[in-house]
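Reader: I have a model open and want to learn to read it feature by feature. Where shall we start?

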Amino acid sequence: MHDAPTWDPQQYLRHAGHRTRPFHDLLARIAELPRHQTPARIADLGCGPGNVTALLAERWPDAHITGYDNSPEMLKEAEFYAGPTKGGGHLDFTTADAADWAPDESYDLIVSNAALQWVPHHADSFKRWLDAVKPGGTFAFQVPGNFTSPSHALLGELCDAPQWRDRLDSHGRRFVHILQPADYLERLADLGCETDVWETTYVQLLQGDDPVLDWVKGTALRPVLTVLEDDTGAREAFLEEFRDLLRKAYPSGRHGTVFPFRRIFAVARKPEAA
Ligand SMILES: C[S@@+](CC[C@H](N)C(=O)[O-])C[C@H]1O[C@@H](n2cnc3c(N)ncnc32)[C@H](O)[C@@H]1O
């Protein structure tokens, strides 16, 4: 029994274009940092392979930015971006479990992209994390909001099917930990933040054979692939069954395969001290 899924950075990065766009949209709504002192301090929680963390260095080139993740595979990939940044700042990466991450310093910005859906009860940590945000600073995140879409519903149903239930039981639903946008807004406003929450459905056009299967192999399928990683026959059988379901749910069309993807965004600005 595996506790945390094994990540495959190369598989994840195969759809980097579509996956990076929501981060740009999140960044566009983050105000300038308070900069009570330099360098500005930024944390990226669940930083993954570091390509998105590196975008933070483009926006704040003189900041000291730390990416936190609990996947050794992802952190190894992220090391590629570690070191001094063009504007005199610094980028580093270190291991941390967001479930119990208790910052021991304060940040101008804590940001998290497409990671908190893996962290049960993450909204209960908002107070702890905001306590570590400097006055006038920001806590911002984006999570997928597509867990009732066919890609995820079918995965859950297949894991529950008689032929897989004993081995996969709840693994198909390991990632369903998000709240509705209005709940996020209330939780963050209750903590005294000026809060901006919104959702967007990206109508993504994917190319190639079985592109939705290829997409979920990088994310939602990680828990299942991790459980079956030492059993090639079972893994291939599962993938074949899932592929057939996805082909019906997301047929290939004239321009490619349309894969709508809902995402939820929240930007919470902490007031300047009175
Ligand atoms: C879908 S990837 C997103 C990576 C990156 N933020 C991006 O936008 O490309 C999710 C990341 O969250 C990390 N993650 C999941 N659970 C975590 C936890 N409890 N603590 C820290 N990182 C976690 C995974 O290891 C993975 O790198």
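This is a predicted model: local features need pLDDT of at least 70, side-chain atom pairs count only at pLDDT 80 or more; totals for chains, interfaces and linings use all residues.

Reader: Next, helix packing. What describes two packed helices?

Author: The angle between their axes and the distance between the axes. Take helix H2, residues 16-27, and helix H3, residues 51-59. Their axes come within 11 Å and cross at roughly 40 degrees. The crossing of H2 and H3 is right-handed.

Reader: Which residues make the contact?

Author: H2 brings Ala16, Thr20, Phe23 and Leu27. H3 brings Asn51, Val52, Leu55 and Arg59. By class, the contact of H2 with H3 has 5 nonpolar residues, 2 polar and 1 charged.

Reader: Now burial along a helix. Which residues of helix H6 are buried?

Author: A residue is called buried if 20 or more other C-beta atoms lie within 10 Å of its own. In H6, residues 150-160, the buried ones are Ser151, Leu154, Leu155 and Cys159. Seen down the axis of H6, the buried residues fall within an arc of 135 degrees, so they line one face of the helix.

Reader: What covers the buried residues of H6?

Author: The cover includes helices H7 (162-168), H9 (211-217), H10 (222-227) and H11 (232-249).

Reader: On to the backbone. Where is phi positive in a residue other than glycine?

Author: Alanine 114 is one case, with phi near 60 degrees. Histidine 121 is another, also with phi near 60 degrees. Alanine 114 sits in the loop between strand S5 (107-113) and helix H5 (126-131). Histidine 121 is found in the loop between S5 and H5 as well.

Reader: Is alanine 114 buried or exposed? And histidine 121, buried or exposed?

Author: Count the neighbours. Alanine 114 has 21 other C-beta atoms within 10 Å, so it is buried. Histidine 121 has 8 other C-beta atoms within 10 Å, so it is exposed.

Reader: One last residue. Where is alanine 273?

Author: Alanine 273 lies in the segment after strand S8 (257-269). Alanine 273 counts as exposed because it has 9 C-beta neighbours inside 10 Å. Alanine 273 and glycine 136 are 137 residues apart along the chain, yet their C-alpha atoms are separated by 7.7 Å.

Methods
Residues are numbered from 1 along each chain as its sequence is written. Axes are lines fitted to C-alpha atoms, for helices over the stretch in contact, and angles run from 0 to 180 degrees between N-to-C directions. Helices (H or I, at least four residues) and strands (E, at least two) are DSSP runs, numbered from the N terminus. A crossing is left-handed if the near helix is turned anticlockwise from the far one by less than a right angle, and right-handed if clockwise. Two residues are in contact if their C-beta atoms, placed from the backbone, lie within 7 Å. Ala, Val, Leu, Ile, Met, Phe, Trp, Tyr, Cys and Pro count as nonpolar, Asp, Glu, Lys and Arg as charged, and the others, Gly among them, as polar. A residue is buried if 20 or more other C-beta atoms lie within 10 Å of its own, exposed if 12 or fewer, and partly exposed in between; C-beta atoms are placed from the backbone. The arc is that of the directions from the helix axis to the C-beta atoms.
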